[in-house]
Amino acid sequence: MVPYPPGGPSDFVGRMLAEAFQPRLGQPLVIDNRGGGNATIGTAAVAAAPSDGSMFLLATSQTHAINLAMMENLPYRPVEDFTSIAGLVALPHVLVVPAASAARNLAGLLAMLRTAPDRHSHGSTGYGTGGHLGGAMLARVAGVSSIHVPFRGAGPMVTELLAGRLDYAIATLASVMQHIRSGAIRALGAASSSRLAQLPDLPTLAELGVPGVDLDAWYALFGPAGLPTPVVDGMAGVVALALNDPAAVSRLHEAGFVMWRRAPAELHAALPAEIARWRGLVRAADARID
């Protein structure tokens, strides 16, 4: 279960894992893209699924941390309703503008927004996503404002950014990496705790004078609660083999991801801290789901 529409970074990770799993499992892994409801629809379906190893969730920091901070009636419990299997990859974010933008750097973008705040817009892949929180944080820390335009996934947002109908976005590196390389999109800063291996010359937003916009997100594999130990151990072993394949690691790196390997117990132990970290970001951004 990939609780996001086809075409974005989540779909890429899900399909790549399916390809890597098939020869190791001896059977195909079917991808079910079930987007909507801030990724709650597909996530809730896995929480309610039988604990027989027939359905797994490609979870994110949104499904298992951000939604808990932003939604009052979440239709699942991120910790209690799932079995932790493996941490997969992390997902850095970058502040980007179309290549034709007059903003050549962060200072130029902020000056543009302060001059005419009601004339400019920024995109995100939906309410409660890293891009949404990052835009809100940037506005609060830098004292600027613009119109927030949420989309149902990275694909349509990037399309509008490329067309120049959005002025900027804080996007996942994976969703814009190819366009940064081609020159169609310009990166102004990394919304990350450190510089990115893929773009080592790109300063972080903190280096540029906008601290606190650290949006490093992650993907992980979960099953329904009560998943038998042999199933958990078997799937965790398959993940370990897949993510230790040099070809897979290189492919993920080139696409804009970084490794975030976690064994079942490590992933389970990491959840409380991740929930607290994203809750703090939500509060700092004063972000809400409209």
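Helix α2 (residues 40-47) is mostly covered, with six of its eight residues buried; here a residue is buried under 20% relative accessible area, exposed over 50% and partly exposed in between, for a 1.4 Å probe and protein chains only. Helices (H or I, at least four residues) and strands (E, at least two) are DSSP runs, numbered from the N terminus. The buried residues of α2 are T40, G42, T43, A44, A45 and V46. Their cover includes β1, α3, β2 and β8, where contact means heavy atoms within 4.5 Å.

The model is predicted: local features need pLDDT of at least 70 and side-chain atom pairs count only at pLDDT 80 or more, while totals for chains, interfaces and linings use all residues. Residues are numbered from 1 along each chain as its sequence is written, and side-chain values use heavy atoms, with hydrogens and water left out.

In total, the chain has 10 helices and nine strands. The C-alpha atoms fill a box of roughly 60 × 40 × 30 Å along the principal axes. The radius of gyration of the chain is 19 Å, in agreement with the value near 19 Å that a compact globule of 290 residues would have; this radius is taken over C-alpha atoms, and the globule rule is 2.2 Å times the number of residues to the power 0.38. Buried residues account for 54% of the 290 residues. Of the contacts between residues at least 6 apart in sequence, 79% join residues at least 24 apart.

Four strands form an open sheet with antiparallel pairing, in the order β1-β8-β2-β9; two strands pair if DSSP finds at least two bridges between them. The edges are taken by β1 (57-60) and β9 (258-262), each of which has a single partner strand, so one side of each is left without a neighbour in the sheet. On average, neighbouring strands of this sheet are turned by 25° against each other, direction ignored. Axes are lines fitted to C-alpha atoms, for helices over the stretch in contact, and angles run from 0 to 180 degrees between N-to-C directions. Within the sheet, β2 and β8 run antiparallel and are joined by seven bridges. F82 stands opposite P224 in β8.

Aromatic rings were also examined. Rings of Phe, Tyr and Trp (its six-membered ring) pair if their centres lie within 6.5 Å; planes under 30 degrees apart count as stacked, over 60 as edge-to-face and the rest as tilted. By this rule there are five aromatic pairs. F82 and F222 form an edge-to-face pair, with 6.2 Å from centre to centre and 70° between the planes. This pair links distant parts of the chain, as F82 belongs to strand β2 (residues 82-91) and F222 to strand β8 (residues 217-224), 140 residues apart. F82 counts as buried because its relative accessibility is 6%, and F222 counts as buried because its value is 0%. Elsewhere, ring pairs link F12, Y219 and F257 into a cluster.

H64 is found in helix α3 (residues 61-70) and is buried, with a relative accessible area of 0%. By contrast, the C-alpha atoms of H64 and V89, which are 25 residues apart along the chain, are separated by 15 Å.

A second open sheet has five strands in the order β5-β4-β6-β3-β7, with mixed pairing. Its edge strands, β5 (147-150) and β7 (185-190), each pair on one side only. The twist averages 30° from one strand to the next. Strand β4 (residues 121-124) pairs with β5 in the parallel sense over four bridges, and V149 in β5 is the bridge partner of G123.

Two helices lie across strands of this sheet. Helix α5 (residues 130-142) lies across β3 (93-98), β4, β5 and β6 (168-172), and runs at about 135° to β6. Helix α7 (residues 173-182) lies across β3, β6 and β7, at about 115° to β6. S175 is placed in helix α7 and is buried, with a relative accessible area of 10%. A polar atom of the S175 side chain lies 2.8 Å from the backbone oxygen of T172. Apart from residues up to four places away in sequence, S175 touches P9, A154 and V158.

Key. A polar contact is a pair of N or O atoms within 3.5 Å; within protein, one must be able to donate a hydrogen and the other to accept it, and residues adjacent in sequence count only if both atoms are side-chain atoms.
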